[in-house]
Every structure is written in structure tokens, then in C-alpha cells.
Amino acid sequence: MLENFLREYNVNRVFLSPIGLWPFQRKSVRNCLRTFFFLLEISYLPFEIMLLYDHWDNPQMVFDASYQLVMSISFAGRQLNEFWNHDKLRWLYQAIDEHWNIFTNDMEVRVMKDYSMLSRKFTKYYSTLMFSIMSILTLIPLTPILLDIVMPLNESRSRFLAIEVSYRLNKDDYFLPIYCYTAFTIAVGVNVVMGVDAMHLACTAHACSLFAAISKQVENIISNANNKNKISVRGHGTNMELNLLNEEIIYREYIICLKKHQLAIEFVNTLESSYQGLSLLLLALLIGTISLIAVRIIYVLNQVGEVIKFTFIFTACLVTLMIVCYSGQRIMDESQSIFHGAYAAEWYKFSPRLKTLLIITLYRSNVPCGLKAGNMFPLSIATYAGVIRIAMSYFTAFTSFKE
């Protein structure tokens with residue numbers, strides 16, 4: 001089952017399975033895992049709210065509580081989206097597997113391979129970044145303990161946690177259980193982000209590969225049609241029977257190409273409907289997170305460990321935003337290439353039947369496919385720039401409060 005999918009995207013399955021987000025797991029195992037990890041993530045929300053309540057007059061604590069609260073909501077939002085769109089995501093993965101049995105031309109397979117390799121490279125680099133963040137967040141709180149062993153003082157150094165929340169307990173007395181709880185929560189949250197975002201990009205890369213393969217196929221068919229027309233003109237009708245046969249072959253190839261184009265459009269529509277709610281949530285949350293973390297870095301410029309931690313988190317937020325926006329832009333570009341290829345054809349040299357197919361191609365590809373956030377905002381480079389601009393305006397406003 002899913003032989004083609006697992007051959008190309010098995011690393012994505014590996015990231016999704018441990019947290020119960022792989023839709024082809026046994027139902028009982030899947031439900032237990034995703035319920036447990038979802039409850040674990042939302043269990044941190046009350047402590048972050050208490051931190052806001054207890055330290056409302058402390059700007060640094062307010063910033064800490066705000067960005068942590070936003071990130072916890074983003075973790076839970078990803079998990080809820082996977083649960084809510086379970087059937088659609090299952091269909092997407094099955095469709096990817098089936099497409100490898102439909103797009104069997106050498107050129108099509110080569111294009112799909114190139115995009116799947118690109119997806120795997122991104123997953124490798126993205127997972128490295130996320131694991132680095134997880135390691136920093138979980139190891140930095142152990143620094144005082146290690147220093148007490150290496151360079152002991154007359155008294156133990158004060159303990160701190162990677163995530164500043166209000167437990168209303170003595171952190172030094174309950175440091176070990178609180179640290180284990182925090183570290184486990186961070187590890188699960190990082191895995192959720194990494195698994196969901198990498199799978200989203202894999203689906204996007206596959207959609208791009210479909211449009212790219214179809215675009216090249218359309219160009220090849222049009223080129224063949226033009227070549228046959230030139231031969232027909234030179235032959236002055238002596239090979240009329242052969243030309244009719246060639247035209248029939250070209251016509252059938254174009255019909256197959258149109259059917260594949262329809263499959264690609266259907267795939268993108270399902271992909272958009274599966275992630276449009278999550279994309280809107282992430283855009284809103286990333287605006288706040290980028291602004292708050294940028295301000296928080298200013299507060300801790302004299303603390304190297306804190307600067308490193310927040311810089312990594314800030315980078316992860318920018319990368320996530322880039323994934324959300326660039327994926328939509330890439331689909332738009334690849335889907336538009338079909339229109340440009342058909343538009344550049346010497347249509348006046350085609351037979352009436354081929355002209356009809358060319359008109360259908362132009363009509364279908366006139367409006368480029370793409371992804372939208374909440375069915376309102378197109379995900380594109382323009383949206384990326386807009387989000388950064390808004391985030392920086394909030395950053396400027398927050399820094400003015402600091403002064």
C-alpha cells in the first residue's frame with residue numbers, strides 16, 4: 001500500500017507517525033497518540049495564562065507569556081487541522097501514490113523525481129533547524145547544574161526553564177519534574193511543526209511537479225504538431241493518410257494531457273481546502289510571534305544564551321512563513337506555465353480538432369491555480385512581504401513602549 005508514496009516521501013511518514021498524525025496508522029493507535037499529545041500541548045496554556053495574570057506589570061514577562069501562548073496555539077492548531085481534515089489528507093497521500101502510476105512518461109517521471117528530491121532536501125534541512133532549536137531549548141536550562149559540578153560555588157546557582165511560565169511552585173524544589181515536563185512538551189511541539197510543515201511542502205512540491213510535467217508535455221505536443229504541419233506543407237498532400245494518422249496520435253496525446261491537467265487541478269483544490277484554515281491561523285500568529293520575539297531579543301542582548309535561543313526561534317518563524325507563502329507562489333508559477341506554453345503555440349496551423357483542445361487548455365489555465373489562507377488571502381511572495389511589513393510595524397510600536 002502506498003508503495004510509490006513511501007518510496008519518495010517515507011521520511012514524512014516517519015515524522016508524522018510518532019505523534020499520531022499519519023492517517024494510515026491503525027485507528028486505535030492513531031487516536032491514542034494524537035489525543036495524548038494534543039492534551040499535552042494544550043495543558044501548557046493555563047500556565048502561560050497564569051504567567052500573564054501574575055506578571056501583568058512586567059513587560060518582559062508579558063512578552064514571554066505572549067509569544068509562548070501564540071506558539072502553543074500554533075502547535076494545537078496544526079494538530080486540530082490534521083484531525084479535522086483527516087479524510088482529505090488521506091486522499092491526498094493516496095492521490096500522490098496513484099499519480100506515479102499515471103504520469104509514466106520518462107520526462108514526467110524525471111520531473112516528479114526532481115521535485116521529490118527537492119522536497120526531501122528541504123525536509124532534511126528543516127528538520128536539522130528544528131532539532132537544533134529543540135536541543136537548545138532543552139539543554140540551556142541544564143547550564144546551572146553543569147556549572148555547579150564543574151565550578152561549584154558556596155551555594156547552588158538559580159535554576160531557570162526554557163519556557164517561562166507560572167507554576168506557582170518553587171522551581172528549585174521541583175526543578176527535575178518541571179524540566180522533564182517542559183522538555184517533553186517542547187519535543188512534541190517541535191515534532192508537530194516539523195511533521196506538518198514538511199508534509200505540506202511535500203504535497204506542494206508534488207503539485208508543482210504535476211504542472212511542470214504537464215507544461216513540458218504540452219510544449220512537446222505543440223512542437224510535434226508544428227513539425228507535422230511543416231512536413232505536410234512540403235509534401236503537398238502526398239502523405240495525407242500518414243498525416244491524418246499523426247494528427248490522430250497528437251490528438252489522443254493532447255486528450256491524455258488534458259485529463260492529467262484535470263487531476264492536477266483537483267489535487268491542488270483538495271490541498272487548498274485542507275490547509276486554508278491553518279494557513280490563515282499561521283499568518284495571523286506569525287505576525288505576532290515575529291514582532292514579540294524581535295522585541296524580546298532586544299531585552300536580552302547582554303545574555304548570550306537567551307540571544308541564541310530567541311534567534312533560532314525567530315529564524316524558525318521566518319522559515320515557516322516562507323514555507324506557507326512560497327509554496328503557494330510556486331504552484332501559481334508552475335500552473336501559469338501551461339497557459340504560456342499553449343498561448344505561444346502557432347494555433348492557426350492546427351486542425352480544427354486541435355484548435356478546440358488548445359482553447360480548452362487556455363480556458364482551464366487562464367486563472368492560475370494557487371493556495372489561499374482562509375479562502376481570502378493568496379499565498380504568494382507579495383503576502384510574505386506584507387506579513388513581514390506588518391510584523392515590523394508592530395515591532396516598532398512595541399519598541400516605542402520600551403523606550
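Mentor: Let us begin with the surface. This is a predicted model, and the protein exposes about 19900 Å², of which carbon and sulfur atoms supply 63%.

Trainee: Which residues make a nonpolar surface patch of about 450 Å²?

Mentor: That patch is formed by L146, I149, V150 and M151. One of these residues, L146, belongs to helix α7, which spans residues 143-150.

Trainee: Does L146 count as buried or exposed, and why?

Mentor: The class follows from relative accessibility, with exposed meaning over 50%. L146 has a relative accessibility of 53% and therefore counts as exposed.

Trainee: What share of the residues in the protein is buried?

Mentor: Of the 403 residues, 51% are buried. Buried means under 20% relative accessible area, and V192 counts as buried because its relative accessibility is 0%.

Trainee: Leaving aside neighbours within four places in sequence, which residues are in contact with V192?

Mentor: With those neighbours set aside, V192 is in contact with I19, F75, R78 and Q79. Sequence separation may also be set against distance in space. V192 and L16 are 176 residues apart in sequence, while their C-alpha atoms lie 7.6 Å apart. For the protein as a whole, consider contacts with a separation of 6 or more: 79% of them join residues 24 or more positions apart.

Trainee: Why are α4 and α5 called roughly perpendicular to each other?

Mentor: Angles of 65 to 115 degrees count as roughly perpendicular. The axes of α4 and α5 cross at roughly 75°, so the two helices are roughly perpendicular to each other.

Trainee: Which residues of α4 and α5 meet?

Mentor: E82, F83 and W84 of α4 meet H86, L89 and Y93 of α5.

Trainee: How many helices and strands does the protein have, and what is their order from the N terminus on?

Mentor: The secondary structure comprises 12 helices and two strands. From the N terminus on, the elements run α-α-α-α-α-α-α-α-α-α-α-β-β-α. As for overall dimensions, the C-alpha atoms fill a box of roughly 105 × 50 × 35 Å, taken along the principal axes.

Methods:
Residues numbered from 1 in each chain as written. Predicted model: local features only at pLDDT ≥ 70, side-chain atom pairs only at ≥ 80, totals over all residues. Heavy atoms only, no water. Patch = residues over 30% accessible without salt bridge, like charges linked within 9 Å, V, L, I, M, F, W, Y side chains within 5 Å. Areas by Shrake-Rupley, 256 points an atom, 1.4 Å probe, with all protein chains shown as cover. Salt bridge = Lys/Arg side-chain N within 4 Å of Asp/Glu carboxyl O. Helix = DSSP H or I, 4+ residues; strand = E, 2+ residues; numbered from the N terminus. Buried < 20%, exposed > 50% of the residue type's maximum accessible area, 1.4 Å probe, protein only. Axes fitted to C-alpha atoms, helices over the stretch in contact; angles between N-to-C directions. Parallel < 35°, antiparallel > 145°, perpendicular 65-115°, else oblique. Contact = heavy atoms within 4.5 Å.
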